[in-house]
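Here are my notes on the model, point by point. Please read them with the coordinates open.

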Amino acid sequence: MANRLTEKQKVTLWQQRRSASYQASCRLEGFAPNETSINSDDAAARLASLRRQYGL
């Protein structure tokens, strides 16, 4: 029996597929997208930092 994916795994898989699709689309159009090297944990930490800084 196959194991089911957790919600976090589903989100990660969706993000990876979305990124790959976007990059393939850009290549077809002749654009060279910038690679991002930030993961979701780093992004969440950065957002929390900005919210504290701006009092949101």
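1. Terms first. Helices (H or I, at least four residues) and strands (E, at least two) are DSSP runs, numbered from the N terminus. On that basis the protein chain has two helices and zero strands. Its radius of gyration is 16 Å, well over the 10 Å from the globule rule for 56 residues, so the chain is more spread out than a compact globule. That radius is taken over C-alpha atoms, and the rule is 2.2 Å times the number of residues to the power 0.38.

2. Provenance. This is a predicted model: local features need pLDDT of at least 70, side-chain atom pairs count only at pLDDT 80 or more, and totals for chains, interfaces and linings use all residues. Residues are numbered from 1 along each chain as its sequence is written, and side-chain values use heavy atoms, with hydrogens and water left out.

3. Overall extent. The C-alpha trace spans about 45 × 40 × 15 Å along its principal axes. Of the 56 residues, 2% count as buried (under 20% relative accessible area; exposed is over 50%, partly exposed in between; 1.4 Å probe, protein chains only).

4. Surface. The protein chain exposes about 5600 Å². Carbon and sulfur atoms supply 53% of that area. Areas come from the Shrake-Rupley method with a 1.4 Å probe; for residues, only the protein chains shown count as cover.

5. Helix α1. The expected span is 1.5 Å times one less than the number of residues. G30 follows α1, with a positive phi near 90°.

6. Helix α2. Residues 40–54 form this helix of 15 residues. It reaches 21 Å between its end C-alphas, close to the 21 Å expected. At its start, a side-chain oxygen of N39 comes to within 3.2 Å of the backbone nitrogen of D41.

7. After α2. Which residue follows α2 with a positive phi? It is G55, with phi near 65°. G55 counts as exposed because its relative accessibility is 65%. G55 and N34 are 21 residues apart in sequence and 30 Å apart in space, C-alpha to C-alpha.

Note on methods: A polar contact is a pair of N or O atoms within 3.5 Å; within protein, one must be able to donate a hydrogen and the other to accept it, and residues adjacent in sequence count only if both atoms are side-chain atoms.
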